[in-house]
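Dear colleague,

Please find the structure below, with its sequence. My notes on the sheet and the pockets follow.

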Amino acid sequence: MTTLGIVGAGHIGSTVARLAVDAGVDVVLANSRGPETLADLVADLGPRARAATAAEAARDTDLVVLTVPLKALADLPAEAFDDKVVLDTGNYYPQRDGQIAELDDGSTTASELTARTLPGARVVKVFNNIFFQHLAALARPQAAVGSGERTVLPIAGDDGAAKEAATELLDAIGYDVVDAGPLADGWRFQPDTPAYGVPYDGSSDGTWSGDTARRASADEMRTALEAAVRRGDQR
Ligand SMILES: NC(=O)c1ccc[n+]([C@@H]2O[C@H](COP(=O)([O-])OP(=O)(O)OC[C@H]3O[C@@H](n4cnc5c(N)ncnc54)[C@H](OP(=O)(O)O)[C@@H]3O)[C@@H](O)[C@H]2O)c1
């Protein structure tokens, strides 16, 4: 199995790390403050985990999950991502990231922005549409349930081999995949679309937590992706 780099060790990064470690995958985690600040998380994850700089976590691993706020893209060591398959979890939240005109007017998408910032990387958009507690709760690794009976995550990307690598990782940690098309179609599961968050939530009042997680099927996800409407402010 591959070694997984995880650049960004917050809600999503640490959740993916836990799922990967539990699936027998070695992980190398990085944040903005330095490896020493990840000692507790690494200790909690156990011997399959270690901490490194962002450059090391990208360069010295086989597959990289990039899970930082969009506003941090400019601070990344771009060349360390050259030739890497990069699984991009990022969403655009103007209140956090500042206004980005070409996302506000819908002329590009968040993951295309990531791909432009990391021109040597093969970017696959994934994990961005699921709340981190639902991601932890809905994973069904190994043969616990058959393929086709698990929760699906949509992926988008322009490189077939990169999408295969993403699909393999998702299978290992416990998810099926729906291919949503090229990276330019990633808007179909960005914030404010029917595929964003809601398919995984079983609460009656939208109070998301691990307890409200519900399985999203491939048919449901395809319907949600198809129902998305691209607006001028679609991100
Ligand atoms: N939370 C969710 O449920 C969820 C679901 C789907 C998608 N997303 C999206 O996924 C991305 C990450 O979300 P999150 O909730 O996991 O964020 P988070 O909890 O705020 O964690 C962000 C992580 O990124 C790190 N980081 C920031 N700048 C960095 C840099 N230049 N180099 C390396 N690491 C850096 C932070 O490190 P420091 O703490 O050291 O600064 C932190 O570990 C966002 O775009 C978010 O919109 C979130």
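Which residue in β5 does Val65 stand opposite? Val65 stands opposite Leu87. The model is predicted, with local features needing pLDDT of at least 70 and side-chain atom pairs pLDDT 80 or more, while totals for chains, interfaces and linings use all residues. Residues are numbered from 1 along each chain as its sequence is written, and side-chain values use heavy atoms, without hydrogens and water.

Strands β4 (residues 63–66) and β5 (residues 85–88) run parallel and are joined by four bridges. Strands are DSSP runs of E of at least two residues, and helices runs of H or I of at least four, numbered from the N terminus; two strands pair if DSSP finds at least two bridges between them.

The open sheet has eight strands in the order β3-β2-β1-β4-β5-β6-β7-β8, with mixed pairing. Because β3 (49–51) and β8 (176–179) stand at the edges with a single partner strand each, one side of each is left without a neighbour in the sheet.

In the second largest pocket, 13 residues form the lining, and Asn31, Ser32, Val68, Ala72 and Leu76 lie nearest its centre.

Yours sincerely

Terms used: 1 Å grid on protein atoms, 1.4 Å probe; cavity = no way out; pocket = protein on both sides within 12 Å on 5 of 7 lines; lining within 4 Å.
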